[in-house]
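Keep the model open as you read.

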Amino acid sequence: MGMLDHWQPIAPVAALKNKQLLATEVAGKAIVLFRNSQGRIGALDDTCPHRRLKLSAGTVVGDKLQCRYHGWTFDCEGQGESPGTPKLHACAGHYSVCEAQNYIWLKSRDSNPKFPEFNTEGFTFMCHLQHESPAPLELTVDNFCEIEHTPTTHAIFGYQLERMKEVQVRFETDDNRVRVINTGPPKKLGTILNWMIGIRNNYIFNDDWTTYFSPVYSIYEHFWSDPITGEEAKIRWRLWIFFVPSNDYKTKVITFAYAKSKYPGPNGCLLPFRGLMRKKLDKEIQLDIDILSKFADFNPDIEGMKLSRFDRVLGLNRERIARIYRGISADQSTLSISKPSLRLAK
Ligand code: FES
Ligand SMILES: [Fe+2]
């Protein structure tokens, strides 16, 4: 499988209203999405097969996308017609699309991957967020798969620097997944958040996540608990974070946030707090994005890095990203970004 052969989230459904176009880039491929007059979404290579104008410069006319240069039209399957040469057959490259979780998802036409599983039973949808990391896929995933950066990078998320040595980390792996479980003394959230979430003084913070590679995403379980009795605070959340490379240098970070509450009432009284959670989560992810812009070297190879006990996951993830997501051998996966053409989608 190649990088486009997995169902990947691309943009919120709301970003593509009737008769609108949306230009995007996935795995180095320029793609245009459009919604036709029947409400169907088409996803085509953003290059007109005639004389290569960007199709995203065109307009939607009825159920087709019309190229702005000479007026050729293309349907959702990429089948094209030329007004001036009606017998000419033209075809633009096209992709499979679907809508789920209020998002538009895309994959190559001929692949048959499993759609990512959303086990949300007992949880309430809180928000989705989209950020763009200014770093390659592997460096972006590294950041979201270790917690050693949380004391110094984050505002309220993660662990305390002076007690970092108490934080425990465990790994569980199989061929297709990498699970990381961290427990330790949490960062101070402040009196109001502590009270709302129900965190007591002696509680530890549990950050337990599993990363999958078709496509590349992690499911995070965040909760606070008593280290002796195991009793939990009143609220926990579960985040799905997808890492979708735009190209070798930028990665979309797309988050779906759900929460669960023990408070009585509909949805555990969580609905009024959607805005607050969105704001806090956005800030914490933005702090990750900021730190990701500050590498001295954007080469994703781990060769030459001095790794800590929290970093074992970097190698485990890279092996699976190369094999499952990129569909390339271990040898090729060590190529640096100085050879981007060899790393892009097949
Ligand atoms: S370049 Fe698109 S119709 Fe000519
Ligand atoms: Fe982070």
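A residue counts as buried when its relative accessible area is under 20%. The model is predicted, and that cut-off applies to it throughout. Histidine 154 has 7% relative accessibility, so it counts as buried. Aspartate 288 is at 4% and therefore counts as buried too.

Both residues belong to the iron site. The iron ion (ligand 2) is coordinated by NE2 of His149, NE2 of His154 and two OD contacts from Asp288. These distances run from 2.0 to 2.7 Å. The angles among the 4 donor atoms span 52 to 148 degrees, and the site is irregular. Along the sequence, the donor residues follow the spacing H-x4-H-x133-D. Histidine 154 sits in the loop between α2 (150–153) and β13 (168–173), while aspartate 288 lies in helix α4 (residues 274–292). The two are 134 residues apart, so the pair links distant parts of the chain.

Now turn to the nonpolar packing. In soluble globular proteins, nonpolar side chains tend to be buried together. The largest nonpolar core here has 79 residues. Trp224, Phe242, Phe243 and Phe256 touch the most other members. Strand β17 (residues 235–245) gives the most to this core, with 8 residues. At least three residues come from each of domain 1 (8–108) and domain 2 (124–333). Another core, of 13 residues, lies apart from it; Phe34, Leu44, Trp72 and Cys76 are among its members.

Leaving out residues up to four places away in sequence, phenylalanine 256 touches residues including Pro9, Tyr103, Trp105, Phe118, Cys127, Trp240 and Phe242. Its contacts also include Gln101, His128 and Arg238.

Terms used. Residues numbered from 1 in each chain as written. Chains lettered and ligands numbered in written order. Predicted model: local features only at pLDDT ≥ 70, side-chain atom pairs only at ≥ 80, totals over all residues. Heavy atoms only, no water. Core = buried A, V, L, I, M, F, W, Y, C linked by side-chain atoms within 4.5 Å. Buried < 20%, exposed > 50% of the residue type's maximum accessible area, 1.4 Å probe, protein only. Helix = DSSP H or I, 4+ residues; strand = E, 2+ residues; numbered from the N terminus. Domains from an automatic or database assignment. Contact = heavy atoms within 4.5 Å. Donors = N, O, S within 2.8 Å, 3.2 Å for Na, K, Ca; no water. Tetrahedral: all angles 85-135°; square planar, octahedral: opposite > 155°, others 65-115°.
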